[in-house]
Amino acid sequence: MAAATLLAERGHQVTLFDAAADVGGQFNLARKIPGKEEFAETLRYFRNRLNELKVDLQFKRHVSADDLKGYAHVVLATGIVPRTPAIDGIHHPKVTSYIDLIEGRKQAGKRVAIIGAGGIGFDVAELLSHANPHSDDPASPVNLEAYQKEWGIDVQYGDVRGGLTAPQMPAAVREIWLLQRKTGKLGEGLARTTGWARRLLLQKRDVHMLGGVEYRKIDDAGLHIAIDGKDQLLDVDTVVICAGQDPRRELVQGLAALGIAYTLVGGADVAAELDAKRAIAQATEVALEL
Ligand SMILES: Cc1cc2nc3c(=O)[nH]c(=O)nc-3n(C[C@H](O)[C@H](O)[C@H](O)COP(=O)(O)OP(=O)(O)OC[C@H]3O[C@@H](n4cnc5c(N)ncnc54)[C@H](O)[C@@H]3O)c2cc1C
């Protein structure tokens, strides 16, 4: 979106292909996480700019290298492929990818284990522990009253000091275990200014956060793990996989063989962390260089 917009602004003729039916890629998942609703506004901005600049938008087009013959340059912003960890029973029906879960193709049960406590693991825990998941109404995506109660905010500024009152936690909607292989505190890689709040929120919602976890197997009984060599069974009915991402680069070889110039940006370049800012910066730099 960023590369197409700036290239068109600079007078290039641009075609934007996407296998999906609309722009946005993973932003369409991010905007469904409570607290990240504003990502929808970024999409609205780019959608409008792309239309104003008359970029040729080709949706529902999963392109191959051959489809890209004749273009002077290809900006490869093809994103990521989620990792599937090698755990015995990984194809059990109670296992779901974060994508199927966030998009609503799979429903979580009342007891859920989340494998992987990076940015997406935390987002999934936030989504599943939320008593008032946001609505799809762009005018009012957040239930403001519920948010104020949960954080103890008194907007009347009544007799209470600092506009703060006792937080009222809604009843837990499910029991959740957020797990990571690494030892130590969960969420250390989260953004410095917001990570503490995200961790605190999950603590307040009684999400169990476990580090140093070895995954043994998944079966009808649940998720079998070991911590410090001690076996445990988490008798969960859903296991959500948030075990990292790899760059999606399936077009690279074909483009190289055809001698078509390309540049990798965003997740297709580095998939290690959630970083839309880097993706947009890289795309902007490419567009300025071409
Ligand atoms: C739940 C969640 C929460 C997130 N939260 C944040 C956050 O708080 N802050 C942040 O900075 N980032 C966040 N991110 C990450 C952010 O969304 C990504 O960094 C960003 O979307 C990367 O953009 P991208 O252009 O690399 O590709 P993507 O958004 O992955 O898009 C790739 C696109 O390429 C298309 N595609 C792939 N192959 C083909 C093909 N052969 N033909 C046609 N189309 C193809 C796909 O359909 C897709 O639309 C989050 C991601 C998720 C999943």
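The ligand has 32 residues around it, and Gly25, Gln26, Gly79, Gly266 and Ala276 come nearest (near means a C-beta atom, placed from the backbone, within 6 Å of the molecule). Helix H2 (27-30), helix H5 (119-129) and helix H9 (276-289) each give two or more residues to this shell; helices here are DSSP runs of H or I with at least four residues, strands are E runs of at least two, and both are numbered from the N terminus. The model is predicted, so to speak of local features takes a pLDDT of at least 70, and side-chain atom pairs count only at pLDDT 80 or more, while totals for chains, interfaces and linings use all residues. Residues are numbered from 1 along each chain as its sequence is written.

Both domain 1 (2-81 + 246-289) and domain 2 (84-131 + 171-241) supply at least three residues to the shell, with bounds taken from an automatic or database domain assignment.

Helix H5 is largely enclosed by the rest of the structure, because 11 of its 11 residues are buried (20 or more other C-beta atoms within 10 Å of the residue's own; exposed means 12 or fewer, partly exposed in between, with C-beta atoms placed from the backbone).

Then there are the loops. Most residues other than glycine have a negative phi. Lys60, in the loop between strand S2 (56-58) and strand S3 (74-76), has a positive phi of about 55°. Lys60 counts as exposed because it has 10 C-beta neighbours inside 10 Å. Asp228 sits in the loop between strand S10 (222-227) and strand S11 (230-234), and its phi is positive too, near 55°. With 7 other C-beta atoms within 10 Å, Asp228 is exposed.
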